Amino acid sequence: MKFILGSGSPRRKELLAQIGVVADDIRAPDIDETPHKAELPRPYCARMAREKVAAVPADSDDIVLCADTTVALGRRILGKPADRAEAEAFLRSMSGRRHKVITAVAVRRGDKLWERDVMSTVRMKNLAEDELKAYLDTGDWEGKAGGYGIQGPAGVLIPWISGSFTGIVGLPLAETANLLRASGYPIYGEGS
């Protein structure tokens, strides 16, 4: 049995290490992440996690974990910004407002699938022009849903959350540990 992390995200790798889980292999799937017409954020996020885990090649006894994090402003999905201008537009739209961060996790072993999604609420402060520009200048927005990562420089922009901090970062650890246990993976060396 091998544990395969189906994600190139260094944050997910670091979060798994916090609970003693180290991937035997990393195989980031290459799938089309375009939302369907009128698709709502939560079903979209769950579909992405399922499609990612299905796209990772693995032996029948291997355990594969994939996740997807989506930032939602109402019914609008804010994905990874294509460029600085889009990141700025995303941040301006969230300034002074609450938004949802959804992370869906899918674990596959053979033909069995375990999945869970976690939704958290995040409030972004009213952004002043100088702090918006300073944040964009860090480049931290690149490759992050909604154009920010709470665990980095953007943490100063977030005065309040309700939900799972690790889910907002990209992998809700309590739920992920339960999915891995269900699939037969020993957490903290259980059963070894």
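Reply: Start with helix H1, residues 10-18, where Arg12, Leu15 and Leu16 are the buried ones (buried means under 20% relative accessible area, exposed over 50%, partly exposed in between, with a 1.4 Å probe on protein chains only). Look down the axis of H1 and these buried residues sit within an arc of 100 degrees, so they line one face of the helix (the arc is taken from the directions of the C-beta atoms, seen from the helix axis). Turn to the other side of H1 and you find Lys13, Glu14 and Gln18, which are exposed.

Keep in mind that this is a predicted model, where local features need pLDDT of at least 70 and side-chain atom pairs pLDDT 80 or more, while totals for chains, interfaces and linings use all residues. Residues are numbered from 1 along each chain as its sequence is written, and side-chain values use heavy atoms, without hydrogens and water.

So what do the buried residues of H1 pack against? Their partners are strands E1 (3-5) and E3 (63-73), plus helices H5 (165-169) and H6 (173-182) (contact means heavy atoms within 4.5 Å; helices, H or I with at least four residues, and strands, E with at least two, are DSSP runs numbered from the N terminus). At the start of H1, serine 9 brings a side-chain oxygen to within 3.2 Å of the backbone nitrogen of arginine 11. Just past the helix, glycine 20 has a positive phi of about 75 degrees.

Now hop over to helix H3, residues 84-94, with Ala87, Phe90, Leu91, Ser93 and Met94 buried. Those residues span an arc of only 160 degrees around the axis, which puts them on the same side of H3. Their cover includes E3, strand E4 (76-78), strand E5 (98-109) and helix H4 (129-138). Aspartate 83 caps the N-terminal end of H3, with a side-chain oxygen 3.3 Å from the backbone nitrogen of alanine 85. After H3 comes glycine 96, and its phi is positive too, near 75 degrees.

Finally, go back to E1. Phenylalanine 3 makes a tilted aromatic pair with tyrosine 185, at 5.2 Å centre to centre and 50 degrees between the planes (rings of Phe, Tyr and Trp, the last by its six-membered ring, pair if their centres lie within 6.5 Å; planes under 30 degrees apart are stacked, over 60 edge-to-face, the rest tilted). The two belong to distant parts of the chain, 182 residues apart: phenylalanine 3 is in strand E1, tyrosine 185 in the segment after H6. Both phenylalanine 3 and tyrosine 185 are buried.

Key: A polar contact is a pair of N or O atoms within 3.5 Å; within protein, one must be able to donate a hydrogen and the other to accept it, and residues adjacent in sequence count only if both atoms are side-chain atoms.
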